[in-house]
Amino acid sequence: MLPHTTSRKALKRALGIGAGIVALALVATGCSSSGSGGGSTSGGDKNYKITFLPKNLGNPYFDTSDKGGQTAVKSFGGTYNQVGPSTATADAQVSYINTLTQQGVGAIVLSANDPTALGSALTQAKASNVKIVTFDSDTDPKFRDVFVNQATAEGIAKVQVDTITKEIGDSGEIAILSASANATNQNAWIDLMKKDLEANHPNVKLVDTVYGNDDDQTSFDKTAALLQSHPDLKGIVSPTTVGIAAAARYLSTSAFKGKVKLTGLGTPNQMREFVKDGTVDEFALWNPEDLGYLAAFTAKALIDGTITGKKGDSFEAGKLGTFKVGDNATVLLGDPFVFNKDNIDKFNF
Ligand code: RAM
């Protein structure tokens, strides 16, 4: 029995999208902007200029969520754009928010590198009638209209703790390789993982938490350093797709392969070879393409005035169906899904 909370709905969504994806890097490197989408902004007097601002560019996870956003915006005749920094920092995101506000976009769809540091730029944007949707990584709720959450933080934390504790026989030292130190999403998950470990796994000791900043080389180097400073380490949890892929690459050619267990959140395409070669048994994620798609439709619903962020408001999200706004102006995509050697070939993102 897999240690996960996968619903049929989540699996169906993941499979449905997985089959149709052709690898697509919207913007591969650097700080840039990629315009595209539906050409003219239709929808009467509605400002459907919707720009995605991920944590950083060049991350396959965001290439996939951006692809979902683009599909959605095109489907309702809006103008899609994606901009973002090459490094995952809040400072780098501020200037993009200011520029988009000056340009008068209808909505910014943002994965935040920090819960508060973007606050004043976002407050100005909102004052200029730019709708703010956070997805993937939230800000303090006062700075945005709605947060589109990929899965509950509790569910995301639990699947990772369940997996690593099972893999190391519920005893011994583990470490966390995270993204950047201020990332709202990773920090929320890490807090919950710590609580779960303390409450339910007394023989498992979290000895270190290190940050690879969602940069491949930094994450690779931090993995090497972790293994060196903790010779008794039995497992690594990396709740970031960049981190887990870099850690797997390191482990796969080291003496620790298969001995030091690795799990966390990864994309099937980045992790496939490491599952097949025995470096990694299981890891989890949701469908980033669906997340981007839902976030774009959430932006549309805010622009239309169908929702304002009030609990109970509902809206249509194209092929994903109807969604409701929940507590703290949050919309929930679904459940995390666990990937392993038996199912990984069914996915292509
Ligand atoms: C990385 C980013 C993103 C996170 C995934 C799991 O791509 O940090 O914010 O949600 O990992």
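Reader: At the start of H8, which backbone nitrogen does a side-chain oxygen of Thr240 reach?
Author: This is a predicted model. In it, a side-chain oxygen of Thr240 comes to within 3.1 Å of a backbone nitrogen at the start of H8. That nitrogen belongs to Val242.

Reader: What is the distance between the end C-alpha atoms of helix H8?
Author: Helix H8 covers residues 241–252, which is 12 residues. At 1.5 Å a residue, the helix should span 16 Å. The distance between its end C-alpha atoms agrees: 16 Å.

Reader: Is H8 largely enclosed or largely open, and how many of its residues are buried?
Author: Buried here means under 20% relative accessible area. Among the buried residues of H8 are Thr241, Val242, Gly243 and Ile244. Leu251 and Ser252 are buried too. H8 is largely enclosed by the rest of the structure, because the buried residues number 10 of the 12.

Reader: Which element gives the most to the lining of the largest pocket?
Author: The largest pocket has a volume of about 390 Å³. Its lining has 25 residues, and Asn56, Ala88, Asn213, Asp214 and Asp215 are the closest to the centre. Two elements give two or more residues to this lining, H8 and helix H9 (268–276). With 4 residues, the most comes from H8.

Reader: Where does the largest pocket lie?
Author: Residues of its lining come from domain 1 (8–150 + 287–334) and also from domain 2 (153–285). The pocket therefore lies between domain 1 and domain 2.

Reader: How many residues does H6 give to the lining of the second largest pocket?
Author: The second largest pocket has a volume of about 240 Å³. Strand S6 (146–149), helix H5 (153–167) and H6 each supply at least two residues of its lining. Among the lining residues are Thr184, Asn185, Ala188, Trp189 and Leu192. H6 gives the most, and its number is 5.

Reader: Which residues lie nearest the centre of the largest cavity?
Author: The structure holds 2 cavities of 30 Å³ or more. The largest has a volume of about 110 Å³. It is lined by 15 residues, and those nearest its centre are Tyr61, Asp136, Gln186, Thr240 and Thr241.

Reader: How many residues in the lining of the largest cavity are charged?
Author: H6 gives the most to this lining, with 3 residues. By class, the lining has 7 nonpolar and 5 polar residues. The charged residues number 3.

Reader: Between which domains does the largest cavity lie, and why?
Author: Both domains give residues to its lining. The cavity therefore lies between domain 1 (8–150 + 287–334) and domain 2 (153–285).

Key. Residues numbered from 1 in each chain as written. Predicted model: local features only at pLDDT ≥ 70, side-chain atom pairs only at ≥ 80, totals over all residues. Heavy atoms only, no water. Expected span 1.5 Å × (residues − 1). Buried < 20%, exposed > 50% of the residue type's maximum accessible area, 1.4 Å probe, protein only. Polar contact = N/O pair within 3.5 Å; in protein donor to acceptor, adjacent residues only side chain to side chain. 1 Å grid on protein atoms, 1.4 Å probe; cavity = no way out; pocket = protein on both sides within 12 Å on 5 of 7 lines; lining within 4 Å. Points joined across faces, edges and corners; volume = space filled by probe spheres on them. Nonpolar A, V, L, I, M, F, W, Y, C, P; charged D, E, K, R; others polar. Domains from an automatic or database assignment.
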